[in-house]
Amino acid sequence: FGTMLYDPGYYNTAVCKSEITYIDGDRGILEYRGYPIEELAEKSSFLEVAYLLIYGDLPNINQLNLWTTKIMNHTFIHENLIQLMKSFRYDAHPMGMLISSMSAMSTFYPEANPALAGVDIYKNKLLMNKQIFRILGKLPTIAACAYRHRIGRPYNNPTDTLSYTENFLYMLDRLSETSYKPHPTLTRALDKLFIIHADHELNCSTATMRQISSTLVDPYTAVAGSAGALYGPLHGGANEAVLRMLESIGTKDNIPNFLQLVKQKKQRLMGFGHRVYKSYDPRAKILKKVTEEVFELLGKNPLMEIATELERIALSDSYFIDRQLYPNVDFYSGIIYKSMGFPTDMFPVLFSIPRAAGWLAHWVEELQDPDLRIFRPRQIYLGKRGCKYVPLSGRP
Ligand code: CMC
């Protein structure tokens, strides 16, 4: 194959240099811009973490206030986008609605498209920031509209009198214009979930963000493409798949049979395994704690017993130990979302909202990287060559 390296799934290929997120998969360490994820989950807020990821440092009070105001000022979505969302089937998957709506946003903001605007967006920080405010501001609104559409209720307008996460919960379930206030424990739990999902270096959707953005297309199109990658059950759709798996297992007694099918490779243990973590995913540890906080308020979800027993049995089985398969972030997140009342198909949407901060951090870093070149991997061609065209009438 000459000088080319054959590396299916990019197991050993580094395609960029980055200063955003550090992972030590053997020791279960995750840091955003050098800050341990455990500390950020405990002490920070999602918007502060989004700022940290995108701009490289924790904001001071003025920077945080301005950042929050800018994002909350961009939470309304265009009336025509609402019409577009209304045109989806009543049972459309909310992730499909999110991806399409985000992609449609590129048609609302042509200033972000270098081909149409005639300017290089990456040379104009104000222009880049504006797209960041819009994407982070409007994603929860799109997600809430997708949810409301799914349950057949009218859409709620956002409010800037609440925090980012509170406003999202408010749009999902507003009961009255003035009195609705989401429970602080649930708001905090969701905010922590948003923090731990915000970035994870070159996971499949972030690699997609960098791949698409390397063409210099507008960030709405790139975020839509990244959300498409995230939707898959091996990536962000795993949280939805875990829930469906736990429900199909049904009782603790069925776990050994299920694991037998996994070992025979007839089933996959969803929410287990990771390309980088070869020990316990630190996010799964944080999630276990969040689960307890949510259960204290709402009561224990019966699926939790199946999940903990499944984990216990799997982690004492040589099949999983030898392959270094541990619970990942998706193993417990779905149970929390379910307990909070989210429908199962909203789970990947709940992953996409915070991950957009990571995608945008990589977008900014990539466009400012002097080494940026269009992503263009090579292939090992194994097909036929030199065939002679046979007219239709002459083919067997
Ligand atoms: N269940 C059963 N066996 C597994 C699993 C699993 N979940 N994951 C990996 N294996 C086995 C795999 O069959 C292979 O076995 P063998 O050596 O006998 O062929 C071995 O472990 C190595 O796996 P791999 O396919 O080389 O691992 P990968 O790095 O290509 O895949 C993964 C990583 C996350 C796609 C995979 O572990 C998986 O499918 N997990 C379930 C889906 C999931 O939970 N995804 C969420 C990932 S974390 C959050 C995110 O990124 O969104």
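Two strands pair if DSSP finds at least two bridges between them. Strands (E, at least two residues) and helices (H or I, at least four) are DSSP runs, numbered from the N terminus. This is a predicted model, in which local features need pLDDT of at least 70, side-chain atom pairs count only at pLDDT 80 or more, and totals for chains, interfaces and linings use all residues. Residues are numbered from 1 along each chain as its sequence is written, and side-chain values use heavy atoms, with hydrogens and water left out.

**The strands**

Start with E2 (residues 29–32). E2 and strand E3 (residues 35–36) pair in the antiparallel sense over two bridges. Glu31 has Pro36 of E3 as its bridge partner. Two residues lie between E2 and E3 in this hairpin, and Arg33 in the turn has a positive phi of about 50°.

E2 also pairs with strand E1 (residues 21–24), in the antiparallel sense, over four bridges. The E1–E2 hairpin has four residues between its strands, and Gly28 in the turn has a positive phi of about 65°.

In a regular strand the side chains alternate between the two faces of the sheet. Which residues of E2 are on the covered face? They are Leu30 and Tyr32, while Ile29 and Glu31 make up the uncovered face.

**Before the strands**

Gly9 is found in the segment before E1. Gly9 and Arg275 are 266 residues apart in sequence, yet 9.9 Å apart in space, C-alpha to C-alpha.

**The helix pairs**

Two packed helices are described by the angle between their axes and the distance between the axes. Axes are lines fitted to C-alpha atoms over the stretch in contact, and angles run from 0 to 180 degrees between N-to-C directions.

| Helix pair | Angle | Axis distance |
|---|---|---|
| H10 (residues 204–213) and H11 (residues 219–231) | about 150° | 8 Å apart |
| H12 (residues 238–249) and H18 (residues 347–367) | roughly 155° | within 7 Å |

H12 is therefore roughly antiparallel (over 145 degrees) to H18. In contact (heavy atoms within 4.5 Å) are Asn239, Glu240 and Leu243 of H12 with Phe347, Pro348 and Phe351 of H18.

H10 and H11 are also roughly antiparallel to each other. Their contact includes Cys204 and Met209 of H10, and Pro219 and Leu230 of H11.

Notes. Parallel < 35°, antiparallel > 145°, perpendicular 65-115°, else oblique. Buried < 20%, exposed > 50% of the residue type's maximum accessible area, 1.4 Å probe, protein only.
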